[in-house]
Amino acid sequence: MSVKYAGAWLAVLSLAVVSLASGCAADSSSAVGASTVASSPAGAPLQTPVGTPGAPADGTSARALARSAPVRLEIPVIGVDTPVMRLGLDADGTVQVPPIEANAPAGWYQGSPTPGQVGPSVILAHVTVGQFGNGVFLHLARLRSGDRVTVRLQDGASAAFTVYKVQTVSKAQFPTSEVYGNVDRPELRLITCGGPRDSSGHGYLDNVLVFASLDPGE
Amino acid sequence: MRTSVVITSVALACTVVLGGAGSALAASGSAPAAATSATPTAAPGAATSATPTAAPSAATSGTPSAAPSASPSQAGGSGGVGGTPTVAPSQSAASGQVGAVPSGAPDTGVAPVAGQGAGDTAVTEAAVAGAVLVGGAGLLVLRRRKTRA
């Protein structure tokens, strides 16, 4: 082997290492990427119109399911398959979130309709869980319109939803009415954190919101 | 002699490459699927407050499902810390489909700490730097030997 070839070998190896490292690092950072969309201010009065802006109007209405608590959430396209726990409200009126621990599950806000009932059913999960690493919704921002989400219910039924909108919004402008407001059919909201870290470095400035509607024929 | 120097340099570079790649791949491979089967327990640390709400009983579907019984964490963004009871919203509490509309935005993410995911990245970066250094040193040595020859 000549000196010339040895140099080339080393250069190639160095480049390979750099590209490998950058590729792996980009995965976690891109999880909470996407454009930030400003929406209605937090605390705005909850409107109760039926119909959802941006929702597909295919003329086919999905049949609502009986009330039954969700027990499992599956989003194959981003590798999510997790139990679902129940979440309530804290005394300060904020919604509870799943525990900060390894393998923390998703949580269904039990003040919302169960998945498959008419109305916005709300499920939350962490994007990252501090020292425990990645959260179950690490890649939620990667969802796109048309992706499928399945929720298994306690009574044995399952509710299949199709994503119709994904947006990242500033927490300071959380679209309360859009997320929790009335709709005229069964819908699902998936919520996690995203965007840049806040000033403390412990949390995030944005929320990633996924809007989905129950598939016809369910 | 020249050949041995080259082989040594390449071997060192490969060692550093494998070390860095291993940690990087381990970090990226531990993503969300990890949460598929574990049954969470109590929330630790900062999330000391929440009283557990009712957990779902056994799933009756065909899909194996661990019925989670974890205590939810209190949303930290509003600054609330510990000791406050959970309010179980009632479906009939309001006329909306969502009985009690939560205030504010949920805090569903605690940024990774340096000891875990970020640590893997640091190890990878160190490995990259090491590989570049080894490569550069090897080139220097080879060029000098070539010049002498």
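Chain B of this predicted model has a mean pLDDT of 57, with 30% of its residues at 70 or more. Over residues 75–86 of chain B, pLDDT stays under 50, and the model has 37 contacts beyond four places in sequence for them. Residues 90–94 of chain B also stay under 50, with seven such contacts.

What does chain B contain in the way of secondary structure? You'll find two helices and one strand, and reading along the sequence gives the pattern α-β-α. Chain B runs to 149 residues, of which 37% count as buried. Take the contacts in chain B between residues at least 6 apart in sequence, and 73% of them join residues at least 24 apart.

Now over to chain A, where the mean pLDDT is 81 and 72% of the residues reach 70 or more. There's still a stretch to treat with care: residues 15–45 of chain A stay under 50, although the model has 66 contacts beyond four places in sequence for them. For the complex, the predictor gives an ipTM of 0.72 and a pTM of 0.59.

The thing to look for in chain A is a barrel. Eight strands close it, in the order S1-S2-S4-S5-S8-S9-S7-S6, and the pairing is mixed. From one strand to the next, the twist averages 35°.

Strand S1 (residues 70–75) and strand S2 (residues 80–87) pair in the antiparallel sense over four bridges. Follow the partners across: A:Arg72 has A:Pro83 in S2(A) as its bridge partner, while A:Glu74 stands opposite A:Asp81 in S2(A). The two strands form a hairpin with four residues between them, and in the turn A:Gly79 has a positive phi of about 70°.

Step on to the next strand in the order and the sense of pairing is parallel: S2(A) joins strand S4 (residues 106–109) of chain A over four bridges. Is S2(A) mostly covered or mostly open? Mostly covered, with seven of its eight residues buried.

Then there's the packing. In soluble globular proteins, nonpolar side chains tend to be buried together. In this model, the largest nonpolar core has 59 residues, and A:Ile123, A:Leu124, A:Leu140 and A:Val210 touch the most other members. Strand S9 (residues 204–214) of chain A gives the largest share of this core, seven residues.

Which residues does A:Leu140 touch, once those up to four places away in sequence are left out? The list is A:Ile78, A:Val127, A:Leu190, A:Thr192, A:Val208 and A:Val210. Among these, A:Val210 is itself one of the core residues that touch the most other members.

Technical notes. Residues numbered from 1 in each chain as written. Chains lettered and ligands numbered in written order. Predicted model: local features only at pLDDT ≥ 70, side-chain atom pairs only at ≥ 80, totals over all residues. Pairing = 2+ DSSP bridges. Axes fitted to C-alpha atoms, helices over the stretch in contact; angles between N-to-C directions. pLDDT = per-residue confidence, 0-100. Contact = placed C-beta atoms within 7 Å. Buried ≥ 20, exposed ≤ 12 C-beta atoms within 10 Å, placed from the backbone. Core = buried A, V, L, I, M, F, W, Y, C linked by C-beta atoms within 7 Å.
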